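Please walk me through this structure, beginning with the surroundings of a single residue and then widening the view to the whole protein.

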Amino acid sequence: MDNKAEVREFLTSRRAKLTPADVGLPAVGQRRVPGLRRSEVAVLAGVSIEYYAKLERGAIGGASSAVLEAIAQALRLDDTERAHLLDLARAADGIPTSGRPRRRATTQTTSRASLHWALEAITDGVAFVRNPAQDLLATNALGRVFYSPVIGEGGRTPNLARFQFLDPASRDFYPDWELFAHMCVAIMRAEAGRDPHDRGLQDLVGELSTQSETFRRLWGSHDVRTHGTGTKRFQHPEVGELTLAYEELAVTAEPGLILMLYTAEPGSSSAEKLRLLASLAAEVTPASG
C-alpha cells in the first residue's frame, strides 16, 4: 500500500468531516470543498500552512509526536483514528508494526494444541481466533456451529470479510448488514495501518475491491475502528435471532491475532438459543487440532 497516498487520503477525509462551527471557527468566504480548509487545520494545530500542506501531501516521515498529536487534536480524531495516524507515521519512518517486531507467520497457530484446548474449554460462548485479514483460524465447538454459514462445507480458510461482501447468505446472517459492513472495513483499514506490509491483507483488499462495489466505497472512506466491546445481532438458520455481547482480546503469544468471545445475557432468550446451539455442537465430532 502506498503510504503517502494513505496519509493524504486519511487526512483529507478527516478534514472533510469537520465544519468551522465544529471547531469554533467562523465560516469565512465561499467554500469550494466540504470541511475545513488546510489553513484552518494549520492554525488549529499551531503549524505553518506550508508544513501542514506538506504533511497532507503524504510527506509525514520525520514528523514529531508533538506535531502528530496537534494534528490529531485539530482534526478531532478519536483514539482509534489517532492511533491510525501514528501507525501511518511509523510506517513512513520505516518502523514496522507499531514499533514491534514484524509479525510471525500465523499458519503455525492452527496446530498449537494449547490454543485449541483453551478454546474448547469455553463452552457457554462463541470463541474464535482471527488474524488481521479476517481469517477464522480456530474456533471452539460452539463457534463451529454458530459460524456454520461462514465456515461452509470446507475448502479454503473461512474469512469473515469474504463472507460479508461476497456471500449473499451474509445478509440473512447479519440483520444489521450495513453496520457490519462498515465495521468490517474500518477494522481492516486500521489493521492495514498497523502493518502495511501484510501481504495477506493487501491481497484481500484487492480481491474485495475488485468484486464488491460496497467494499470499494467503504474502503475509500478511510474510516478506522477497533472492535473492542459491544453487542451484535445475528439471525442464525438453526435458532433464529440472537443478541450477543462481544469482547476482543489480544493473543499475546502471536502478535496481531485476536481472540473474540460472544456471550449472551444470562436468562435471556439469546442465552437459551446459545444453549441449544451448544447441544447441537455436542453432537458434532470436534475438529482435529
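Leaving aside residues up to four places away in sequence, Gln164 touches Ser170, Tyr174, Trp177, Phe180 and Ala181, where a contact means heavy atoms within 4.5 Å. This is a predicted model, in which local features need pLDDT of at least 70 and side-chain atom pairs count only at pLDDT 80 or more, while totals for chains, interfaces and linings use all residues. Residues are numbered from 1 along each chain as its sequence is written, and side-chain values use heavy atoms, with hydrogens and water left out.

Gln164 belongs to helix H9, which covers residues 160-166; helices (H or I, at least four residues) and strands (E, at least two) are DSSP runs numbered from the N terminus. With a relative accessible area of 4%, Gln164 is buried, a term that means under 20% relative accessible area, with a 1.4 Å probe and protein chains only. From Gln164 to Val185 the sequence separation is 21 residues, and their C-alpha atoms are 9.9 Å apart in space.

Turning to the whole protein, there are 14 helices and five strands, and the C-alpha atoms fill a box of roughly 70 × 35 × 35 Å along the principal axes. Of the 289 residues in the protein, 48% are buried. Among contacts with a separation of 6 or more, 56% come from residues 24 or more positions apart.

Key:
Buried means under 20% relative accessible area, exposed over 50%, partly exposed in between (1.4 Å probe, protein chains only).
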